[in-house]
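Please work through each task before reading its solution.

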Amino acid sequence: MLPTEKQYVQWLENTDGNDTFHNARWLSESNHLPPARIVLVDDKTTADEAYRLACEGTSLLWRGDFHNAKQLLQALARRIERTNERSEQRKIKKAANKSAAESNTANANKIPNLFHQQRQIQAQRSRILSRLLLELDANYVSQLRRAPDVSAACTAAFGQLDKTIDESCVLSFRDLQGALGAAQWREKGVPIESLGLSIFPHYGVFAPTRHEYVPLLLDAPLPKIHEVAYDIGTGTGLLAVILAQRGVPQVIATDLNPRALACASENFTRLQLANVQLQQADLYPTDAPLANLIVCNPPWLPAKPSSPLEYAVYDANSAMLRGFLQDAKTHLAKRGEVWLILSDLAEHLQLRTRDELLDWFVDSGLKVKYRLDTTPKHGRSQDDTDPLYAARSAEITSLWCLEPA
Ligand SMILES: C[S@@+](CC[C@H](N)C(=O)[O-])C[C@H]1O[C@@H](n2cnc3c(N)ncnc32)[C@H](O)[C@@H]1O
């Protein structure tokens, strides 16, 4: 989400021989601060020059052809990759393969380092690429040559600008591309083959493009009494949809993220699911009947999210997972069950141990009734050039069926 407090960016621009002071609303989904230094760049700017400036921390406000900016972004990405390959990447991959091959204690602490190094590399890449900026007017219209109509995608992603004060904005091309990509997902939907339907994600909502866990939710036997179920952290609403389709008469879905609630609501309406209620809540719904079944697919890596978009993936100190487990029992009806969907990637990355997870179950007064497992099918798990390949290819996603001890 954009910060509630508006931020602005200023720069000087020479128009008709005069230096004019410009001011625009600053939009950054990654919560980057407004740039302190901006230079104007266009089709004459070389990729090497742009790369040098961006690496030095200068932001580049694009004034050339819209499509050439996309080319420049790709050229910057290639330069970043080349630089990374030359320096860290080779060393990191070597360490990963060595650690995977020799699981001795001397190598054990390299894996979490590897994960953190990877995140740093990605963060640095994102900072550099996000320095290529464009300006849009109060209707999200770009004055750049050959600019497409981005107005609907930006409005859906970032909300309305204040037209009464003719509020123009400056944002990164990367954020714009994110908004355009999300608009396409939202229009076309993500097909969930095992369900025979599509789910339509919104910008800033966890898109279930990897949905190998869906068959687990279809295979797990429903508790004998299944009048009421909760879906905690519903995102697009996918798990609630599965429960409703399996015949649970009342499903209550929660999420903290308002975008997720709007998205889930739209999906429920499309699928004509009248028996799913939504609540904005930190974990559990309030004023709700006890649940016979509580499902949750929490963010799966215990690490600090670096931007609001990462809240669906990273869970600092496993706070959501632990909070979810800790309170589950008090929300369960007699003979109720908890279905926790959890990948063990965090274990392979040595960010959490299996024993820690099992201890949290015990501390929450829960015991394991059964577990269903699945292996990843997505591209990254097969890509042996990925520095985290050793961990990704060993990942197992489980449905842990828990019940009161
Ligand atoms: C990995 S996504 C899963 C989304 C969806 N259930 C699915 O399986 O596709 C995790 C979701 O949990 C939500 N979330 C994170 N912390 C939360 C909290 N404390 N309370 C409610 N929802 C939370 C995120 O906004 C996100 O939508």
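**Exercise 1.** How many aromatic pairs does a search of the whole structure find?

*Solution.* The model is a predicted one. Searching the whole structure gives eight aromatic pairs. One of them joins F115 and Y314, with 6.4 Å from centre to centre and 55 degrees between the planes.

**Exercise 2.** Classify the pair of F115 and Y314, and state which parts the pair ties together.

*Solution.* Step 1: planes over 60 degrees apart would count as edge-to-face and those under 30 degrees as stacked, the rest being tilted. At 55 degrees, the pair of F115 and Y314 is tilted.
Step 1: F115 belongs to helix α4 (residues 110-129), while Y314 lies in the loop between β12 (291-296) and α10 (319-331), so the pair ties together parts 199 residues apart in sequence.
Step 2: F115 and Y314 are both buried.

**Exercise 3.** Why is the pair of F361 and W400 edge-to-face, and where do its members lie?

*Solution.* Step 1: the ring centres of F361 and W400 are 5.2 Å apart and the planes meet at 65 degrees, so the pair is edge-to-face.
Step 1: F361 is in helix α12 (residues 354-363) and W400 in strand β15 (residues 397-404); the pair therefore ties together parts 39 residues apart in sequence.
Step 2: F361 and W400 are both buried.

**Exercise 4.** Which charged ends sit over the rings of Y314 and W400?

*Solution.* Step 1: over the ring of Y314 sits the charged end of R119, 3.8 Å from the ring centre.
Step 1: over the ring of W400 sits the charged end of R371, 5.1 Å from the ring centre.

Technical notes: Residues numbered from 1 in each chain as written. Predicted model: local features only at pLDDT ≥ 70, side-chain atom pairs only at ≥ 80, totals over all residues. Heavy atoms only, no water. Phe/Tyr/Trp six-rings, centres within 6.5 Å; stacked < 30°, edge-to-face > 60°. Helix = DSSP H or I, 4+ residues; strand = E, 2+ residues; numbered from the N terminus. Buried < 20%, exposed > 50% of the residue type's maximum accessible area, 1.4 Å probe, protein only. Lys NZ or Arg CZ within 6 Å of the ring centre and 35° of its normal.
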